[in-house]
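Hi,

Here is the structure I said I would pass on. Have a look at it first, and then read my notes below.

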Amino acid sequence: MKIETLVNLIKGELLNRPFISEVTSFTENPKEVLRGSCFFSNNFDDIKKAVKNGAYAIISEKEFEIIDKEIAWILVSSIKKAVFDIFKYENIKTKIYFTDKITAHIIKKMNIDKKVVVLENEKSFLTALNKNESFLISSNPEFKKIFINSEELKPVNIKLEQISLFKSRYNQIDINLPFLYKKNFAKALMFFENKNLKYSLDFELERFKPVFVNKFLEKVEYGQSDKVLILGIENDENFFNELNYLIENTKYAKTIIVGKYNKKILNGYFNFAMLVDMEIEMKTKEKERKLFD
């Protein structure tokens, strides 16, 4: 991309008169900078590394010392917006596959194909920018208004067997997938298979993720306790389906819902605890704790 085009596109301010005229790749990681890269950062130490590694343009929200006058130094109000504007410009005609966020998450976890990019943040936009061929996945409904070349992933029927609360079986292979997400998994699976893309069934989701703990809330091996923390739950459109699934499959167990407002109830009795919109720092192992008793 020509420097003049880049500056106009992101509504930036060119702080010098560079000798170079264009950039050939985009990154926010100084270790990934190649000769010709455009580098995004507000950290001067990282910027110095990027310049040393061959960056042809520096885009920042802060004005730093121009340590190499031959490359372009561009000031912007928002790196996040600049990255998206470049992505939009380069991919306005690229087909984007739209789906719900659970399916998008499953696709991300199953994916082992370098051509597949799940669009979530600046890093994923930059990854997509640097690929000649890509299959782009988004769950952002706003993108449908911007990218007219789109395709919705359709639901399909597959044979999936529930073998436990947290595991299912597909084609005689046990997978770490709550049966609750059968339709999402089916859409993800057909996306990979219909496009002849590489995927793995050896994955673990961050949502509805079980962590077995002892009475001290210390993590133990899978299945080695009757107390389970269920992580990654959000108070969104999927929450009540997840809660109903848990209750229906654990009718004789004590289930609690935990948020930041009532996390003290984790100190009481429960079998399953759904942690909603919160993270928990796991305590040290019992052996380590005993050393300090």
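Strands β15 (residues 255-258) and β16 run parallel and are joined by four bridges. Two strands pair if DSSP finds at least two bridges between them. Across this pairing, valine 258 sits opposite leucine 275 of β16, and isoleucine 257 is opposite methionine 274.

Before going further, a word on the source: this is a predicted model, so local features need pLDDT of at least 70 and side-chain atom pairs count only at pLDDT 80 or more, while totals for chains, interfaces and linings use all residues. Residues are numbered from 1 along each chain as its sequence is written, and side-chain values use heavy atoms, with hydrogens and water left out.

On its other pairing, β16 goes with strand β14 (residues 227-233), again in the parallel sense and over four bridges. Leucine 229 has alanine 273 of β16 as its bridge partner.

How many of the residues of strand β16 (residues 272-276) are buried? Five of the five, so the strand is largely enclosed by the rest of the structure. "Buried" means under 20% relative accessible area, "exposed" over 50%, and "partly exposed" in between (1.4 Å probe, protein chains only). Both faces of β16 are covered, with Phe272, Met274 and Val276 on one side and Ala273 and Leu275 on the other. β15 has one covered face, Ile256 and Val258, and an uncovered one, Thr255 and Ile257.

Threonine 250 belongs to the loop between α8 (239-249) and β15. Its relative accessible area is 11%, so threonine 250 is buried. A polar atom of its side chain lies 2.5 Å from the backbone oxygen of leucine 246. Leaving out residues up to four places away in sequence, threonine 250 touches Leu165, Thr255 and Phe272 (contact means heavy atoms within 4.5 Å).

Most residues other than glycine have a negative phi. Leucine 217 is not a glycine, yet has a positive phi of about 65°. Leucine 217 lies in the loop between β13 (209-213) and β14, and is buried at a relative accessible area of 10%. Aspartate 277 also has a positive phi, of about 55°, without being a glycine. You will find aspartate 277 in the loop between β16 and α9 (286-290), where it counts as partly exposed at 42% relative accessibility.

Over to another sheet. Five strands make an open sheet with mixed pairing, in the order β1-β5-β4-β3-β2. Why is one side of β1 (13-14) and of β2 (25-27) left without a neighbour in the sheet? These two strands stand at the edges, and each has a single partner strand. Helix α2 (residues 44-52) packs on the sheet and touches β3, β4 (57-60) and β5 (72-75), its direction making about 175° with that of β3. Axes are lines fitted to C-alpha atoms, for helices over the stretch in contact, and angles run from 0 to 180 degrees between N-to-C directions. β2 pairs with strand β3 (residues 37-40) in the parallel sense over three bridges, and threonine 27 stands opposite phenylalanine 39 there.

Last, the helices. Helix α3 (residues 79-91) packs against α5 at an angle of about 35°, with the axes 10 Å apart. The residues making the contact include Val83, Phe84 and Phe87 of α3 and Phe125, Leu126 and Ala128 of α5. By class, this contact has eight nonpolar, one polar and three charged residues. The classes are nonpolar for Ala, Val, Leu, Ile, Met, Phe, Trp, Tyr, Cys and Pro, charged for Asp, Glu, Lys and Arg, and polar for the others, Gly among them.

Alanine 128, in helix α5 (residues 122-129), counts as buried at 2% relative accessibility. Beyond its neighbours within four places in sequence, alanine 128 is in contact with Phe87, Val117, Leu119 and Leu136.

Cheers

Key: Polar contact = N/O pair within 3.5 Å; in protein donor to acceptor, adjacent residues only side chain to side chain.
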